[in-house]
Amino acid sequence: MPLFFSFSNQQINRWNEISFLAYQRTFWFCHYNSIFHRFSQVSYVALFHSLIFAKNTGNMKIKIGHGYDVHQLAAGYALSLGGVVIPHEVGSVGHSDADVLLHALCDALLGALALGDIGHHFKNTDPQWKGIDSKILLQRVIEMVHEKGYVVGNIDATLILEAPKIGPYLLDMRTAIASILQIALDCVSIKATTSETMGFVGRKEGVEAHAVCILLGK
Ligand SMILES: [Zn+2]
């Protein structure tokens, strides 16, 4: 019912009040006429459903975003994942701290608002981002999201790497991300998997991450 989508919440609330009063009047007026009463009841139930549907969807702003990132692994680099530095014999190679999970998340948030990608905002040739903690980049991105009038509903991310085991660090990662995004811990999901020894991840040459997010209009 696209006709209803242009109504404001206030207008729809008023419509609900008017419709309910009309239904009440019809109910009592048709009390002794069961056929007409039944017809009226069905009509008004349909109308209520249309209005409630319009109220719940027509004025709600929702955006969805997806991000993907990959980094090479090599000796002599730190392994930063989800804002946590994990002790390991190899780390991820990149211009910043090369936190693949936070970069995928930045891209998901930027993508939801069609603001381009992380490379557009933080160029890998710009010396100011050399070795930077990606939590700072995520902080910049969430400020853009808020400036656009949105907050994060929830995020869900998957890390793909062969080693080390990520389980012991997941809570710290989720806590760091929830704090930056200003959302509850149970709105931040991070999973980790391997690629079953296949491909460049399987050969321990690289690490991948996917992330999706929902943004809600303020
Ligand atoms: Zn990256």
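How many helices and how many strands are there in the protein chain? Seven helices and seven strands. Keep in mind that this is a predicted model.

Let's start with the order. Along the sequence, the pattern reads α-α-β-β-β-β-α-α-α-β-α-β-α-β. The protein chain has 218 residues, and 30% of them are buried. Now take the contacts between residues at least 6 apart in sequence. Of those, 73% join residues at least 24 apart.

Which residues of helix 5 are buried? Ser134, Leu137, Leu138, Val141, Ile142 and Val145. Look down the axis of helix 5: these buried residues fall within an arc of 135°, so they line one face of the helix. Now turn to the face pointing away from that buried side. There you find the exposed residues Glu143 and Glu147.

What covers the buried residues of helix 5? The cover includes strand 2, helix 3, helix 4, strand 5, helix 6 and strand 7. Helix 4, by the way, is residues 118-121. After helix 5 comes Gly149, with a positive phi near 90°.

Next, helix 6. This one runs over residues 170-181. It has twelve residues, which should span 16 Å at 1.5 Å a residue. Its end C-alpha atoms are 16 Å apart, which agrees.

The buried residues here are Met173, Arg174, Ile177, Ile180 and Leu181. Notice that an arginine, Arg174, is on that list. Where do they sit around the axis? They cover an arc of only 130°, so they are on the same side of helix 6.

And what do they pack against? Three elements to find on the screen are helix 3 at 100-112, helix 5 at 134-147 and strand 5 at 150-160, and these are among the partners. Strand 2, strand 3 and strand 6 are partners too. Just after helix 6, Gln182 takes a positive phi of about 60°.

Strand 5 and strand 6 run parallel, joined by six bridges.

Val188, Ile190 and Ala192 make up the covered one. Ser189, Lys191 and Thr193 make up the uncovered one.

Let's move to strand 7, residues 206-217, and pick out Ala209. Is Ala209 buried or exposed? Buried, because 26 other C-beta atoms lie within 10 Å, and the cut-off is 20 or more. Which residues does Ala209 contact, leaving aside neighbours within four places in sequence? Asp69, Val100, Leu101, Ala104, Ala157, Thr158 and Leu159. Ala209 and Tyr68 are 141 residues apart along the chain, yet their C-alpha atoms are separated by 5.7 Å.

Last part: the loops. Pro164 lies in the loop between strand 5 and helix 6. The peptide bond joining Ala163 and Pro164 is cis, with omega about 0°.

Two residues have a positive phi without being glycine. Ala98 has one of about 60°, and Thr197 has one of about 70°. Ala98 is in the loop between strand 4 and helix 3. Thr197 is in the loop between strand 6 and helix 7. Which is the setting of each, buried or exposed? Ala98 counts as buried, because it has 23 C-beta neighbours inside 10 Å. Thr197 has 10 other C-beta atoms within 10 Å, so it is exposed.

One more loop residue, Gln128. Its place is between helix 4 and helix 5. With 7 other C-beta atoms within 10 Å, Gln128 is exposed, because 12 or fewer is the cut-off for that. Gln128 and Ser96 are 32 residues apart along the chain, and 9.5 Å separates their C-alpha atoms.

That's the tour. Questions, please.

Definitions and conventions:
Residues are numbered from 1 along each chain as its sequence is written. This is a predicted model: local features need pLDDT of at least 70, side-chain atom pairs count only at pLDDT 80 or more; totals for chains, interfaces and linings use all residues. Helices (H or I, at least four residues) and strands (E, at least two) are DSSP runs, numbered from the N terminus. The expected span of a helix is 1.5 Å times one less than its number of residues. The arc is that of the directions from the helix axis to the C-beta atoms. Two residues are in contact if their C-beta atoms, placed from the backbone, lie within 7 Å. Two strands pair if DSSP finds at least two bridges between them.
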